[in-house]
Amino acid sequence: MSVSASERSAALRRRSALPEDDFYTPTDADALRMENELLAFEVEFLRARYADHEHAIAEARREAEERAERKVRRRVRQARADLRRKLKEAKSQDARAMDPVRKARLERAERDLILLLERLSRSPVGPLLRLKPSFRELERRYLRT
């Protein structure tokens, strides 16, 4: 025996005992659960947006610090170059302005100093003298050791 679709749906309605015009209405617990889920999604969304905003602020701050650091480094390099240039100019002016007799005397004194430092370095007292930082500095400056 074949049962039509309309007869089947009528039988189901009779078993469930729900009227045909009655629709599902959420209870207070359902409404609260849905609101809770919506709030949870909203909190996730706002946290993600806040994290993106914080990341953007941190990135901008880092870039500004890098720009400032590059600027300072560039200014330091320029200052060093200016100082070196001025020192070279001053040395060349001093060399040009120096009296030849005084220059010869200073060169002789430097040669004498080098000779004395070499003799002291090779002497038995040399290792003791090297314990002194000032002697080591003189050796570095004049003997290039």
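Okay, so helices here are DSSP runs of H or I, at least four residues, and strands are runs of E, at least two, numbered from the N terminus. On that basis this protein has five helices and zero strands. It's a predicted model, so to speak: local features need pLDDT of at least 70, side-chain atom pairs count only at pLDDT 80 or more, and totals use all residues. Residues are numbered from 1 along each chain, and side-chain values use heavy atoms, with hydrogens and water left out.

Burial next. Of the 145 residues, 6% are buried, meaning under 20% relative accessible area with a 1.4 Å probe, protein chains only.

Now, how do α3 and α5 pack? Helix α3, residues 100-122, meets helix α5, residues 133-143, at about 125 degrees, axes 10 Å apart. The axes are lines fitted to C-alpha atoms over the stretch in contact, with angles from 0 to 180 degrees between N-to-C directions. That makes α3 oblique to α5, the class left over after under 35 (roughly parallel), over 145 (roughly antiparallel) and 65 to 115 degrees (roughly perpendicular).

Who touches whom, with heavy atoms within 4.5 Å? On α3, the residues include Leu 113, Ile 114 and Leu 117; on α5, Phe 135 and Tyr 142 are among them.

Note on methods: Contact = heavy atoms within 4.5 Å. Buried < 20%, exposed > 50% of the residue type's maximum accessible area, 1.4 Å probe, protein only.
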